[in-house]
Amino acid sequence: MNQRSRLSLLVIQIFFASLMVALLGRLFYLQVAAGPIYRDAALSIQSRDVVTPANRGFIVDSSGVPLALSKVALAVTVDRTTIDKLPDKGVAVLANLVNLLGLEYSDVWQRTRLCGELPRGQRAGCWTGSRFQPIPITKSADPAIALRIVERSDRFPGISATPIAIRSYPETLGVTGSHVLGYVGPLTEADLAGANGRTYFRSESIGKAGLEIKYDEYLRGVPGIKTFIVDRKEAVTSTTQNTKPVAGKHLVTSLDVRLQAASEKALGEAVKRARSMGFPADGGAAVVMDVRNGQVLSLASYPSFDPNAFERGLTVKEAQALYSEKTGVPALNRALQGLYAPASTFKVVSVMAAKDAGYDLNKSYSCPAEVQVGTRAFQNFESKAQGTISMKKAIAISCDTIWYQIAYDEWLRDGGLKPKSNPNDYFSKAAESFQISEKTGVDLPSESTGRLVNREWKKSWYAENKDFYCNYKDRATKAQQTAFLLQLARENCVDGDKLRGGDAVNFSIGQGDTVITPIKLAQMYAAIANGGTIWQPTIAKAILTQEGKVIKQFEPKKLGQISADAATIEFLHDALHEVTLTGTSAGLFANFPVPTAGKTGTAQVFGRNLNGSAKSDTSWYASFAPERNPRYAVVMMVSQGGYGASTSGAGVRQIYETLFGVQGNVVKPELALFPKGKPPIKLPRISPATKPAPSILNPAKAEKKMAVAKR
Amino acid sequence: MSTFLNRNPYRRTRGNSFFAGFDPILSAAVAGLLVIGTLLVYAATRDWYSANGLDPEYYLKRHVINIVIGLALAWGTTIIDYRLLRAYTPFIWGFGVLGLIFVLIPGVGSEVNGAKAWIRLPAGFQIQPAEIAKISIIIGISMLLSERTHNSDEPSTNDILKALAVAALPILLILRQPDMGTVFIISASVVTILAVSGAPTRWIAGLILLAILGGVVATKTGVISDYQVKRLQSFVDPNADRQGAGYQLRQARITVGSGGLVGTGLFNGPQTNGRFVPEQQTDFIFTVAGEELGFLGSSVIILLLLTILMRAFGIARRSTDPYGTLVCTGVIAWFAFQVFENIGMTLGLMPMTGVPLPFLSYGGSSMFANLIGIGLLQNVHARQRG
């Protein structure tokens with residue numbers, strides 16, 4: 001071999017050796033330097049975590065009757081990994097299936113798409129879980145149909161029927177309880193992103209409203225995780241059960257299923273009654289509270305919705321109806337989200353203010369047809385003059401003008417439009433002691449805050465609206481340019497930041513811009529009933545483990561004290577009792593065997609309905625009972641429901657009938673809800689089979705039980 | 001036969017053993033790779049085949065049979081003095097060209113992964129004429145370039161042109177299949193042989209330039225088929241073709257990378273057992289090593305391959321005649337480029353082509369050709385100066 005060949009050979013040898021070294025270097029980079037990254041990548045390729053949801057804990061009433069259960073249902077499921085392999089991607093199979101099950105093809109198609117497969121904005125109802133989980137298209141399949149599907153696996157490849165645990169609301173005695181209980185549903189992207197600080201797994205269910213969301217962390221339990229190792233064809237090669245699901249805890253509430261049923265029924269009938277009188281009655285609420293500790297015994301809102309619809313699979317139409325104005329926005333919980341002017345029910349505040357201002361509550365005052373306030377005359381209700389009457393009578397028959405006079409006089413005494421540097425503000429201070437502009441703190445989500453019209457509020461309101469009213473001609477729509485509204489705008493522009501005579505007068509009868517929620521009014525009347533303590537309304541009493549061990553008890557919480565002294569409170573008890581004897585609700589309660597106290601309210605509402613008609617009055621009835629040693633505060637409100645007494649008062653009477661076991665005008669102690677008139681303190685044993693004790697709503701069982709006892 | 005052997009003045013004693021006169025280190029390195037390759041082929045196919053209700057040892061058995069046949073061929077190659085092979089060279093070359101023509105005839109050649117590279121034989125066997133062509137080209141041009149028609153150190157232009165013609169015909173035929181990996185390996189080997197033969201530098205530089213130009217023109221004018229362009233693109237940008245070549249390359253890299261320092265252990269690689277990398281018993285066998293044997297095991301494979309190359313360089317140097325040197329050089333270049341192309345592709349250093357990893361990949365033709373190549377090296381080794 002010549003020298004050149006030798007040299008070439010050496011060069012080539014070095015070149016090839018360096019090629020191999022290059023491979024070694026690259027190998028070192030991939031495996032050692034970047035190894036961990038690739039190991040993670042490999043893991044995500046090979047393994048699929050599948051979540052087995054935990055059974056949700058029950059929600060039970062104070063005597064253990066289940067309000068929300070985990071029930072075994074028959075689900076028809078679609079296996080995407082199978083149907084995707086069909087030539088038509090499963091279109092024919094799904095079409096056959098919807099025929100058999102009586103579902104809509106478009107709903108089912110949507111439900112079986114992974115959310116990531118659909119463009120943004122078209123993901124409503126999509127499957128949030130993984131492709132490897134059987135996707136339920138219905139959770140309430142008829143067993144006979146399910147059997148046909150399973151038997152014809154050749155016609156229905158990838159379709160199977162499996163028993164699964166679902167949330168079930170048993171609707172005992174016709175209760176829906178939808179606004180208190182809420183419902184469960186699939187997680188949203190925000191939940192998954194950890195928006196509320198907890199970590200969830202896709203395909204888990206989560207509380208979406210009411211107690212279900214408030215106590216979700218207890219109710220949901222811990223889901224089990226199974227890891228599947230899959231191959232390239234997505235066939236499962238091995239399975240490991242990492243963790244087993246742990247069932248959720250039970251929630252014991254202060255609710256009573258019979259009272260809840262009675263409240264819902266009474267509210268529904270109140271709405272019907274109002275409609276039969278020609279009022280739109282577009283919604284309502286009823287709240288029953290234990291005045292000694294703030295525990296909520298029932299809470300209803302109208303219109304309601306079917307809490308079981310969510311687990312059944314909400315159709316697109318049902319989902320839209322939940323938030324539609326036309327259907328009255330059933331998703332809204334009016335008991336704590338609706339804000340309404342309290343009207344005459346607010347006169348309890350005015351009594352306290354008058355007392356603080358030095359008026360003798362036992363004296364008589366004039367109740368004229370109208371009172372002149374500045375340039376405007378404020379009429380009495382129905383413009384009736386009642387002569388000179390005692391203050392008690394004024395409450396009973398709901399005289400307005402007596403309060404106008406006192407409020408206006410006090411406003412003038414505080415300096416009128418040029419207020420003193422240190423005004424007395426008896427009215428707003430009395431109201432403030434009820435914590436009107438604070439939430440009640442009830443353990444339900446999305447409570448609204450009331451609005452209290454005082455000097456402070458007027459200032460902040462003016463800062464926000466000055467521009468609008470001072471340029472009203474340009475800013476307001478044509479329809480808003482009436483002579484009255486133009487005048488109002490002018491006034492608002494000039495001294496909108498000041499508490500005016502009209503504001504003070506309106507305030508004294510619960511009109512104007514002051515608005516509160518029904519549960520707030522219940523809290524207020526409970527405070528009057530119990531001698532002045534403001535309790536935080538609570539629904540949860542305790543959290544119990546599956547074995548019945550108590551792991552958390554919710555103690556009643558005092559939020560404050562109203563400013564009324566004992567004498568004023570005694571006067572209020574007396575006056576409110578008088579309402580039921582000779583006053584505005586005497587027709588309903590005069591012969592009621594349990595003495596009660598209450599106040600009607602009929603609030604004027606400004607604004608118009610969708611069809612252009614002026615809004616009707618809000619009907620209120622706020623009460624407590626028994627009159628001696630009161631235990632229960634009951635409030636009903638029907639929006640656009642007309643008169644306080646005939647619509648809501650009658651509804652409240654119905655609730656009391658169930659509460660005390662009144663049939664006709666006779667108390668039947670065996671049908672009263674609570675022995676000795678006290679809601680249970682002892683926590684119940686939890687069983688899905690617990691049935692409600694007898695009451696007016698379910699008396700038949702009582703007789704049967706007694707018959708058995710006799711034998 | 002013994003008369004031939006006795007005439008060889010440089011012959012080492014063959015003694016009584018078949019293996020006498022062989023380079024023991026070369027033999028050991030090859031044996032080591034064959035054992036590792038057998039285990040890797042088994043690991044690549046066992047779980048998948050049993051999971052799909054097939055014989056889990058299907059590939060293992062056939063691989064072992066291929067090795068046995070290949071070893072017999074290698075041993076056969078060492079018996080005949082390589083210098084006598086010259087006489088058969090035209091026939092071997094002709095046989096290779098014929099095979100390459102056959103694969104292009106519709107109905108005779110069968111297409112796998114877009115290349116018509118196979119001739120189907122009865123009983124489910126297939127042969128790949130390009131593998132035989134590699135050997136015939138190496139022997140052919142080594143013969144032409146080592147025969148000096150005049151008293152000179154370097155081959156004449158005439159010799160070079162003849163050699164290039166001998167290489168060009170099979171290369172063009174393989175280009176028609178098309179099998180770009182093999183074209184690259186053979187072309188690079190031809191240039192390497194030319195360089196060692198003493199051919200003028202302008203020839204070497206010119207040929208390399210021509211190859212680059214040819215590659216560019218082929219890609220631009222569409223002589224190269226669509227799927228090859230995609231493979232090239234996915235080499236440049238692994239996200240370009242996520243489902244096809246890009247997918248394979250990504251999966252290959254993930255599989256190798258996930259092995260880490262020590263690997264998951266033989267038969268325990270979830271990526272391998274899940275068969276996320278296609279062709280993992282053949283072209284992507286190195287991914288199995290990467291995942292299951294880790295950096296330590298995979299390095300051993302590369303070091304064994306390096307050992308083979310380094311020993312072969314020694315044999316090439318010690319050859320008694322230029323022909324032996326050039327044959328060895330050709331075999332070295334073939335192995336080196338094929339190893340670099342295959343492992344480089346697996347590790348994302350080279351574009352994706354369908355070439356197997358010598359001594360490790362499953363596949364009869366390739367195994368036979370590789371072991372015949374080793375036979376040639378041993379042949380030259382056995383007949384070199386002591």
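Modeller: Helices here are DSSP runs of H or I with at least four residues, strands are runs of E with at least two, and both are numbered from the N terminus. Keep in mind that this is a predicted model, where local features need pLDDT of at least 70, side-chain atom pairs count only at pLDDT 80 or more, and totals for chains, interfaces and linings use all residues. Residues are numbered from 1 along each chain as its sequence is written, while chains are lettered from A and ligands numbered from 1 in the order in which they are written.

Colleague: What percentage of the residues of chain A count as buried?

Modeller: Buried means that 20 or more other C-beta atoms lie within 10 Å of a residue's own; 12 or fewer is exposed, in between is partly exposed, and C-beta atoms are placed from the backbone. Chain A has 711 residues, and the buried part is 46%.

Colleague: And what percentage of the residues in chain B are buried?

Modeller: Chain B has 14 helices and three strands. Of its 386 residues, the buried ones make up 53%.

Colleague: Which element gives the largest share of the side of chain B that touches chain A?

Modeller: Two residues are in contact if their C-beta atoms, placed from the backbone, lie within 7 Å. On that basis the contact takes 33 residues from chain A and 44 residues from chain B. Elements giving two or more residues on the chain B side include α7 (180-197), α10 (245-258) and α12 (285-318) of chain B. The largest share, 12 residues, comes from α12(B).

Colleague: How do α1(A) and α12(B) run relative to each other, roughly parallel or roughly antiparallel?

Modeller: Helix α1 (residues 3-33) of chain A packs with α12(B) at an angle of about 180°, their axes 10 Å apart. Axes are lines fitted to C-alpha atoms, for helices over the stretch in contact, and angles run from 0 to 180 degrees between N-to-C directions. Under 35 degrees counts as roughly parallel, over 145 as roughly antiparallel, 65 to 115 as roughly perpendicular and the rest as oblique. So α1(A) and α12(B) are roughly antiparallel.

Colleague: How many nonpolar residues does the contact of α1(A) with α12(B) have?

Modeller: Among the residues making the contact are Leu9(A) and Phe16(A) from α1(A), and Phe295(B) and Ile302(B) from α12(B). Ala, Val, Leu, Ile, Met, Phe, Trp, Tyr, Cys and Pro count as nonpolar, Asp, Glu, Lys and Arg as charged, and the others, Gly among them, as polar. Here six are polar, one is charged, and the nonpolar count is 16.

Colleague: Which strands are at the edges of the open sheet of five strands in chain A?

Modeller: Two strands pair if DSSP finds at least two bridges between them. The sheet has the order β12-β11-β23-β22-β21 (chain A), with antiparallel pairing. Each edge strand pairs on one side only, and they are β12 (296-302) and β21 (597-603) of chain A.

Colleague: Which residue in β12(A) stands opposite Val288(A)?

Modeller: Strand β11 (residues 283-290) of chain A pairs with β12(A) in the antiparallel sense over six bridges. Opposite Val288(A) you'll find Ser298(A).

Colleague: Why do β1 and β3 of chain B each have one side without a neighbour in the sheet?

Modeller: This open sheet of three strands is ordered β1-β2-β3 (chain B), and its pairing is antiparallel. β1 (109-112) and β3 (126-127) of chain B stand at the edges, so each has a single partner strand.
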